[in-house]
Each structure stands twice: as structure tokens, then as C-alpha cells.
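Here's a quick tour of a model, written for someone who likes to see the cut-offs. Have a look at the sequence and the coordinates before reading on.

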Amino acid sequence: MHRFVRFTLAIAIAAAAGVASRTAAAASPAKPATGSVAVELTANRVTKARGKEVLAPADQAKPGELIEYRALYRNDGAGEAKGLMATLPIPRGTQYVAGSATPRGVEASLDGRTFAPVPLKRSVKTADGRTVVQEVPVSEYRTLRWPLGVLPTKQSRTVAARVRVESTNVAENTH
């Protein structure tokens, strides 16, 4: 396994936990959640055994492997958490797997600040001067976000998404 991919997984876990544990809000102009929300993020390698999916801890990953990130948001506070936005970064060296985000209603961002419902779309000018709307390739998604709203005290919600580890040139990623 490439050292870069192992490092990327560690950063993604730390970043998602750090963003969520500070305010449980997304990196956007949205208001931070009120209340005391704890986040537990896990990364599991997805494999098949006897025709069934098997999840195993993914502290390392190889190019081509499928990783499932799962974030459990738990309200340990005395009151409900309002305005909860669950955020999950897509680590460099991985690509979001379209349609794998749960629950539905996921938003995505190309820059970690501006979010829109999936699939993302953009206007593109064609060679003949027309403007057409096209879907943004999922390879460009950098962050996912779920507007969870209110989380009652002592309750929890889970969000999840899968990414595929890309083949990388180790020399490219040493800067």
C-alpha cells in the first residue's frame, strides 16, 4: 500500500472528526448547530465473501479498494441540537462512489464551502457558443454534507458514503 493513501485515510478521519466535534456544522455560511454533539467516524474496507459484503477496518488501503466512511453523530447534551450539518470530506486520492451516500438528501461541494444537492451541475459553453448544463463528474467532489436538522438529546444519526482509492503516482504527492 502507498504511504500516501494510509496518510490520506488518517487525515480524512481526523478532519471529519475535527470539523464535526468543534461545531457539528459544515464548512459553509450555515449556522453552527447548538447543543453538544459528539462524532465517531469509522473507515472500513468493503470486500465480498461468499457473495456478501464484508466490512473490515481500513487503516490502510490499496488503489482500487472500496472504503466506506460512516459518521455517527450523537447528542450527549441536555438539550436538542439544532441546525446539525453532518460533513464528510472526500480525501485526496479517493473518489466518491455515486449513489453510495446515506441517508438521501446529501449535498456535495467542489471546494468545501459551497454546497448543492447531488448530482452537482454546472453550465458549460460549447464550441458553437451555446451554454449547456452538465453534471459535474463525481471525481471532482471534495466534501459531502447532510442537513440533519434537529437531533434530540440522547439520540444519534448516522451518515455514510463510499469512496474508491485511486491509483496515484507517489512522486506527484510528495510536495
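## Salt bridges

A salt bridge here is a side-chain nitrogen of Lys or Arg within 4 Å of a carboxyl oxygen of Asp or Glu. Bear in mind that this is a predicted model, where local features need pLDDT of at least 70, side-chain atom pairs count only at pLDDT 80 or more, and totals for chains, interfaces and linings use all residues. Residues are numbered from 1 along each chain as its sequence is written, and side-chain values use heavy atoms, with hydrogens and water left out.

Searching the whole structure turns up 10 salt bridges. One of them joins Arg74 and Asp76, at 3.0 Å from N to O. For burial, the scale is relative accessible area (1.4 Å probe, protein chains only): under 20% is buried, over 50% is exposed, and anything in between is partly exposed. Arg74 is partly exposed at 32%, and Asp76 is partly exposed at 37%. Glu80 and Lys82 also form a salt bridge, their closest N and O atoms being 3.7 Å apart; Glu80 comes in at 39% and Lys82 at 44%, so Glu80 counts as partly exposed and so does Lys82.

Then there's Arg70 with Glu68, where the closest N and O atoms are 2.7 Å apart. Arg70 is partly exposed at 36%, while Glu68 is buried at 7%. Both belong to a salt-bridge network that links Glu53, Glu68, Arg70 and Arg162.

## The sheet

Strands are DSSP runs (E, at least two residues), numbered from the N terminus, and two of them pair if DSSP finds at least two bridges between them. An open sheet of 4 strands runs in the order 4-10-6-7 with antiparallel pairing. Strand 4 (81–89) and strand 7 (115–117) are the edges, each pairing on one side only. Inside the sheet, strand 6 (residues 107–109) and strand 10 (residues 143–151) pair in the antiparallel sense over 3 bridges.

## Two buried residues

Ala86 sits in strand 4 and is buried, with a relative accessible area of 0%. Its contacts (heavy atoms within 4.5 Å) beyond four places in sequence include Tyr73, Trp146 and Val159. Arg145 is 59 residues away from Ala86 in sequence, but their C-alpha atoms are 5.5 Å apart.

Ser109 belongs to strand 6 and stands opposite Thr143 in strand 10. Ser109 is buried too, at 0%. Beyond four places in sequence, Ser109 touches several residues, among them Phe115, Leu120 and Tyr141.
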